[in-house]
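Here is my note for you to read beside the sequence and the model. Please keep both open and follow the points in order.

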Amino acid sequence: MAESQSTINEEGIIILPDNWAVCPDCLEKVNLGSAGIVNLTIHHRGSKKCKNGEKKRKAKSILRKRMTRRFQYILDFFLILHTQVLSAFFRISNPAVRI
Ligand SMILES: [Zn+2]
């Protein structure tokens with residue numbers, strides 16, 4: 001078995017074993033075939049498939065960001081509510097406060 005490892009070329013493109021590379025735009029695996037890296041840089045990048053993949057990836061990351069923000073908001077809300085309930089509870093149950 002030939003020893004093959006993934007490397008990163010001077011353009012920052014990840015080259016996988018067996019003539020595959022990862023497109024930096026859409027993160028899709030692209031077969032380099034006999035043409036080599038030009039198959040990715042010339043033929044794949046800028047193609048419809050690549051642009052669609054990039055768009056999908058961006059939409060996903062925006063959605064994830066939005067979801068995280070919403071979740072953080074809900075979390076903050078419950079944290080504030082929780083602290084208020086706790087402090088109210090301690091005010092009632094602690095006789096020292098009443099005096
Ligand atoms: Zn691509």
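**Notes on the predicted model**

1. Leu27 is found in the loop between β3 and β4, where helices (H or I, at least four residues) and strands (E, at least two) are DSSP runs numbered from the N terminus. Although Leu27 is not a glycine, it has a positive phi of about 60°. Leu27 counts as exposed because it has 11 C-beta neighbours inside 10 Å; by the definition, a residue is buried if 20 or more other C-beta atoms lie within 10 Å of its own, exposed if 12 or fewer, and partly exposed in between, with C-beta atoms placed from the backbone.

2. Before going further, please note that this is a predicted model, in which local features need pLDDT of at least 70 and side-chain atom pairs count only at pLDDT 80 or more, while totals for chains, interfaces and linings use all residues. Residues are numbered from 1 along each chain as its sequence is written.

3. Asp18 is found in the loop between β2 and β3 (20–22), and Asp18 has a positive phi of about 60° although it is not a glycine. With 8 C-beta neighbours inside 10 Å, Asp18 counts as exposed.

4. The protein has 3 helices and 4 strands, and from the N terminus on its elements run β-β-β-β-α-α-α. The radius of gyration of the protein, taken over C-alpha atoms, is 27 Å, well over the 13 Å that the globule rule gives for 99 residues, so the protein is more spread out than a compact globule; the globule rule is 2.2 Å times the number of residues to the power 0.38. Taken along the principal axes, the C-alpha atoms fill a box of roughly 85 × 35 × 20 Å.

5. Buried residues make up 6% of the 99 residues. The largest nonpolar core has 5 residues, Ala21, Cys23, Cys26, Val30 and Leu40; such a core is a set of buried Ala, Val, Leu, Ile, Met, Phe, Trp, Tyr and Cys residues joined through C-beta atoms within 7 Å. Leaving aside neighbours within four places in sequence, Ala21 is in contact (C-beta atoms, placed from the backbone, within 7 Å) with residues including Ile13, Val30 and Leu40.

Key
Contact = placed C-beta atoms within 7 Å.
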